[in-house]
Each structure stands twice: as structure tokens, then as C-alpha cells.
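Hello,

Here is the structure I promised to pass on. Have a look first, and then read on for what turned up in it.

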Amino acid sequence: MGETAARSLRADAERSVRAILEAAERVLAEEPGASMEQIAAAAGVARTTIHRRFANRQALVDALATSAARQLAQAVDDGRPDTAPPLVAMHRITANVLQVKGAWAFALGLPADPDSEAAALHEDIARRCVAVLRRAQADRLIDEAADLDWVRRVYYALLGESLHGATDDDADPDALAARIIDTLLHGAGPRA
């Protein structure tokens, strides 16, 4: 088999896995107990295709969690957390994260096995979040005495609540990101 044919097979396999994971997200979000057969049908692939890619249902769920965590990490990276001005990075990251969390809510809501790649990615994302907050603190956007781990937890809560109660009016991730960052940095009190 030639190199081009091998690449074509790998690309087909990647598309198949992507279709399976996207279908698993949709199906499991509606029915967490859905079978592999239901996921296969939603993905438009044979049940044997899923079993060839994933040894069992738990392997599929683990792959789903890892894939979603990777996308979340990429969303953070795309916000340029280390190089963009802190306020710009916070806004970009927030808008990016809202899109990923909105698309992969089921997978990102799964408890990660502490030894999994997904758990390691989430820990790295939390460290990077605190690093951006530290840069914002250095720029006097956040009080110098603020506990940055607490600020991170509040930020995560704002993200979660924004998605939980989102309406069509909240569909613009940039507008919603601006509201989240404004609330995080200024609270709900009157402006001076």
C-alpha cells in the first residue's frame, strides 16, 4: 500500500472517529444510558465500526471526555493566554471556551478519572487560567490581595451559569464573554 493510500485510510478513520464522538455527544446528552447501537445509528456507521474503534462503552465515553478536554485546551491556547494583553486573552479564552462547552456539555460534565489524560488537561487548563489571572492582577485588573484560585472558581461558575441559563439572546459568544468578564472584574455593584 502506498503512502498516499495509507494517509487516506488514516483520514477516513479519523473522520469516522470524529463522527462517532460527535454522535455520542448528541445521543448521550439526551439519553445518558444510550447503547452503542444507538450511537452507531446516530453516527451513520455500523455497530461493528464503533466496536472496532472502541473496545466497550466505557472506552467510548473515555475517548469522548478526552476529545472534549483537548478541544477545551485548544480553545484556551487559541486565546493566546501567555502573549495577548490579559484583558484580551481573558475575553478570547472566554468566548472560545463558551463555544466548546456549549458543543460538548455532556462530555465536559463527565467526572474524569484522576489518572486520565482528560484530568491532566483540566488541571493544566486550571493552572493556565490562574496564570492569566495573575497577569491581570499585575495589570491591576484584579485586586492585588485577591485569592486567584477563588477568582478562577468564580470565573468557572460564571461560565457554567452562563451556559446553563443561555437563551437565543445569549447566543453570541463574544457578547456573553464580555458580560462574564465584566461581572468577574466589576461585580454587580454600581459603577463609580
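Is T94 buried or exposed? T94 is buried, with a relative accessible area of 0%, where buried means under 20% relative accessible area, exposed over 50% and partly exposed in between, using a 1.4 Å probe and protein chains only.

Before going further, a word on the model. This is a predicted model, in which local features need pLDDT of at least 70 and side-chain atom pairs count only at pLDDT 80 or more, while totals for chains, interfaces and linings use all residues. Residues are numbered from 1 along each chain as its sequence is written, and side-chain values use heavy atoms, with hydrogens and water left out.

Now the overall picture. The chain has 9 helices and 0 strands; helices (H or I, at least four residues) and strands (E, at least two) are DSSP runs, numbered from the N terminus. The C-alpha trace spans about 65 × 40 × 30 Å along its principal axes. Of the 192 residues in the chain, 36% count as buried. Contact here means heavy atoms within 4.5 Å. Among contacts with a separation of 6 or more, 65% come from residues 24 or more positions apart.

Back to T94, which is found in helix α5. Setting aside neighbours within four places in sequence, T94 is in contact with Y155, L159, A177, I180 and I181. Other buried residues of α5 include P86, M90, I93 and L98. The cover over the buried residues of α5 includes α4 (57–78), α6 (105–108), α7, α8 (148–164) and α9 (173–186). The 18 residues of α5 should span 26 Å at 1.5 Å a residue, and its end C-alpha atoms are 26 Å apart, which agrees; the expected span is 1.5 Å times one less than the number of residues.

For contrast, take A138, which lies in helix α7. A138 is exposed, with a relative accessible area of 62%. A138 and T94 are 44 residues apart in sequence and 20 Å apart in space, C-alpha to C-alpha.

Two helix pairs are worth a look on screen. The axes of α5 (residues 86–103) and α7 (residues 117–138) come within 9 Å and cross at roughly 145°. Axes are lines fitted to C-alpha atoms, for helices over the stretch in contact, and angles run from 0 to 180 degrees between N-to-C directions. P86, M90 and I93 in α5 meet V132, L133, R135 and A136 in α7. By class, that contact has 6 nonpolar, no polar and 1 charged residues; Ala, Val, Leu, Ile, Met, Phe, Trp, Tyr, Cys and Pro count as nonpolar, Asp, Glu, Lys and Arg as charged, and the others, Gly among them, as polar.

In the other pair, the axes of α8 and α9 come within 10 Å and cross at roughly 145°. V151, V154, Y155, L158, L159 and S162 in α8 meet L176, I180, I181, T183 and L184 in α9. The residues of this contact divide into 9 nonpolar, 2 polar and no charged.

Last, the core. The largest nonpolar core has 54 residues, and L28, I39, L60, L64, M90, L133 and Y155 have the most contacts inside it. Such a core is a set of buried Ala, Val, Leu, Ile, Met, Phe, Trp, Tyr and Cys residues joined through side-chain atoms within 4.5 Å. α4 gives the most to this core, with 10 residues.

Enjoy exploring,
A colleague
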